[in-house]
Amino acid sequence: MRRSRIVSRGIATAVLGIIAAVALSACSAGGGAQQRQQYVIASGVTGGIYAGYGSELAKVLSRELGAHIEAVSTEGSLENLRLVGSGEALFGFAQSDTAADAVAGTGPFAEPLPIVAAARLYEEYVHVVVRADSDVAELGDLAGHNISLGAPNSGVAAASARILGEADVDVATITNPKLGLDDSLAALRDGTIEGFFWVGGLPTPGLQAFSQEVPIRLVSIEHQFVDQLNDRYGGVYRVAEFPAGLYGRDEVSVTMTVPNYLIVSADAPDDVVADALAAVFRTRAEIAASVPTAALLDRRLAIFTAPLELHPGAAAYYRNTKR
């Protein structure tokens with residue numbers, strides 16, 4: 001059964017030596033999530049919200065559930081979906097647009113993955129970052145420049161390709177080093193690149209710190225491009241503003257947002273998912289002290305995870321918990 005494949009295995013080589021492979025079926029057979037079990041949360045790149053959120057989740061879930069839970073670094077949504085879908089991680093973070101491709105077996109996914117959602121967490125903002133003195137004023141100006149469009153196997157790479165396609169920017173004209181957030185910040189600092197795409201919550205910690213050293217601008221993603229993307233990809237995107245003052249900027253710019261989900265394998269035991277969610281909501285304020293975005297978790301909104309179905313254990317938790 002697939003249930004016996006939901007095991008903990010480190011994504012990074014160092015983690016492989018820390019976490020032993022343990023089947024979740026043993027958990028369900030031996031009294032639920034309160035047994036001392038070992039699991040992985042697929043998080044994200046250093047400096048991004050996924051990484052901080054994943055680390056805090058691992059800490060509180062280990063304590064609250066009496067389990068050993070390790071958050072491991074990944075390149076983001078695509079990798080997280082594959083790791084959760086294969087049973088190599090119990091939970092992960094993923095953008096709703098990339099998750100939609102995963103369950104449909106389209107785009108970068110050759111076949112559907114058995115992925116469902118535990119909760120809708122918060123809205124992620126697409127950042128198109130350039131130096132404040134850059135001559136890039138709009139998306140069309142990116143052609144011919146050295147711009148990182150996101151690391152391989154990341155939701156950033158998937159989103160940037162879609163956005164540039166709607167803006168009629170040929171990605172072949174862009175020199176794309178395919179960097180994650182930390183490497184993009186370093187490359188923008190030393191002038192190796194002229195800008196980069198990033199998708200994350202507000203504020204993204206690494207970018208916030210960087211903006212205090214190097215003045216930046218955020219290139220707008222205009223309303224018409226978001227409308228076109230929604231027509232093509234099922235209406236998962238929204239228009240939003242980066243408020244003035246964020247990242248040291250004076251101007252307001254517009255962008256596209258995409259919901260972010262806490263994902264889990266469809267075959268994960270119901271009691272494990274329900275117990276984990278109860279712990280997440282119980283410790284939300286504690287997590288938010290380190291990851292302010294966690295304060296956006298709302299039980300009334302968490303159930304809206306289309307096009308992903310809610311895991312049965314998650315549905316039972318929401319149904320049986322007073323709001």
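Where is Pro307 found? Select this residue in the viewer, and you will see that Pro307 sits in the loop between helix H11 (284-290) and H12. While you are there, look at the peptide bond that leads from Ala306 to Pro307, which is cis, with omega near 5 degrees. Keep in mind throughout the tour that this is a predicted model.

**The whole chain**

Now zoom out and show the protein chain as a cartoon, in which the secondary structure comes to 12 helices and nine strands. The chain has 323 residues, and buried residues make up 54% of them. If you display its surface, the accessible area comes to about 12900 Å², and 52% of that belongs to carbon and sulfur atoms. Among contacts between residues at least 6 apart in sequence, 74% join residues that are at least 24 apart.

**Helix H12**

Next, select residues 312-320, which form helix H12, and colour its buried residues Gly313, Ala314, Tyr317 and Tyr318. They lie on the same side of H12, because they cover an arc of only 135 degrees around the axis. An α-helix has 3.6 residues a turn, so residues three or four places apart point the same way.

**Helix H7 and what follows it**

Move on to helix H7, residues 181-190, whose buried residues are Leu181, Ser184, Leu185, Ala187 and Leu188. Looking down the axis of H7, you will find these buried residues within an arc of 165 degrees, so they line one face of the helix. Their packing partners are E4, strand E5 (147-148), strand E6 (195-200) and helix H8 (205-211). Just after H7 comes Gly191, which takes a positive phi of about 85 degrees. Further along, select Pro203 in the loop between E6 and H8, and notice that the peptide bond from Leu202 to Pro203 is cis, with omega near -15 degrees.

**Two residues with positive phi**

Asp168 is found in the loop between helix H6 (155-166) and H7, and its phi is near 60 degrees, a positive value in a residue other than glycine. Is Asp168 buried or exposed? Its relative accessibility is 71%, and Asp168 therefore counts as exposed. Now select Tyr247, in the loop between strand E8 (238-242) and strand E9 (253-265). Tyr247 is not a glycine either, although it has a positive phi of about 55 degrees. With a relative accessible area of 1%, Tyr247 is buried.

**The nonpolar cores**

For the last stop, hide the surface and look inside the chain. The largest nonpolar core has 46 residues, and those with the most contacts inside it are Leu139, Leu142, Phe196, Phe197 and Ile221. The largest share of this core, five residues, comes from E4. Apart from it lies another core, of 40 residues, among them Ile49, Ala58, Ala67 and Leu90. In soluble globular proteins, nonpolar side chains tend to be buried together. To finish, centre the view on Leu142 and show what surrounds it: leaving aside residues up to four places away in sequence, Leu142 touches Val128, Val136, Ile147, Leu164, Ile174 and Phe197.

Definitions and conventions. Residues numbered from 1 in each chain as written. Predicted model: local features only at pLDDT ≥ 70, side-chain atom pairs only at ≥ 80, totals over all residues. Heavy atoms only, no water. Buried < 20%, exposed > 50% of the residue type's maximum accessible area, 1.4 Å probe, protein only. Helix = DSSP H or I, 4+ residues; strand = E, 2+ residues; numbered from the N terminus. Arc of directions from axis to C-beta. Contact = heavy atoms within 4.5 Å. Areas by Shrake-Rupley, 256 points an atom, 1.4 Å probe, with all protein chains shown as cover. Core = buried A, V, L, I, M, F, W, Y, C linked by side-chain atoms within 4.5 Å.
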